[in-house]
Amino acid sequence: MLVDNLKNSLKYLQQKGRYRGARIAYGSRIAGATTLGADVVIEKDCYIFDSTLGDRVQVQEGCSIFRSLLEGQVVIYPRARLSEVRFGSYSYVNEHALMRSVSVGRFTSIGPHFLCGYGDHPSDLVSTSPVFYSTRNQCGTSFADKDYFAEASATGIGHDVWIGTRAFVRDGVNIGHGAIIAAGAVVVKDVPDYAIVGGVPARVIRFRFADEAIKQLLEIEWWNWSEDKLRAAQPMFVRDDVNAFIEWARRV
């Protein structure tokens, strides 16, 4: 026990030395080719592997965020390699989320117990068991001579997305900018920009704004503004008049 405690303490000190600009709680493990931006906060009992976290990202207690073990090049929204995990600046994920091979935009809020990126099984083959179509030996063995089914696909989550608690997003799904995913939703297909979706399976309930307003917000791309401009715009962000915000953004 004493030896294990010493080893854990040494690993913690090594992490603190490597990621000086981040606040990492004791008991969390940061491994692989992980890059942390300025003022990143990682709470206890987290595991982060081969991930890129932007500035002021917060990962709350008990989250696992890591790349897929499968390699491949896919186009997601925003773009990333299947083996990468990316979090844009000012985004956060609540406790006990499990995320793999996902690219998250800026200013995105993810609720507790979020699940994404844990693979798929075929529904049109005779069996759904990977022992017949995968060489990864999930059961300790395999009858397959090669991989017959793509088990993992990268997932894309846009900017300014809000995902409620206990939501599930299927591999390969793209969630558009400004979308809202209701608590408990099971998302199995792409979500349009600024759509509100919910249910099992999730369906579009409505859009947050009119088509023209959505078009202009996507053109403005406020999530890419400098920190100074964002601070100047803060009074406009808390208004319930999206057109007033758009007019202000067009003037400055």
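Student: By the rule for ring pairs, how many aromatic pairs does the count come to?

Tutor: This is a predicted model, in which local features need pLDDT of at least 70 and side-chain atom pairs count only at pLDDT 80 or more, while totals for chains, interfaces and linings use all residues. Residues are numbered from 1 along each chain as its sequence is written, and side-chain values use heavy atoms, with hydrogens and water left out. Rings of Phe, Tyr and Trp (its six-membered ring) pair if their centres lie within 6.5 Å. By this rule, the number of aromatic pairs is 13.

Student: Are the rings of tyrosine 47 and phenylalanine 49 stacked or edge-to-face?

Tutor: Planes under 30 degrees apart count as stacked, over 60 as edge-to-face and the rest as tilted. The centres of tyrosine 47 and phenylalanine 49 are 6.3 Å apart and their planes stand at 10 degrees, so the pair is stacked.

Student: How are the rings of tryptophan 222 and tryptophan 223 arranged, and at what angle are their planes?

Tutor: The ring centres of tryptophan 222 and tryptophan 223 lie 5.5 Å apart. The pair is edge-to-face, because the planes are at 65 degrees.

Student: Is tryptophan 223 buried or exposed?

Tutor: Buried means under 20% relative accessible area, exposed over 50%, and partly exposed in between (1.4 Å probe, protein chains only). Tryptophan 223 has a relative accessible area of 1%, so this residue is buried.

Student: The charged end of which residue sits over the ring of tryptophan 225?

Tutor: A charge sits over a ring if NZ of Lys or CZ of Arg is within 6 Å of the ring centre and within 35 degrees of the ring normal. At 4.3 Å from the ring centre of tryptophan 225 sits the charged end of lysine 229.
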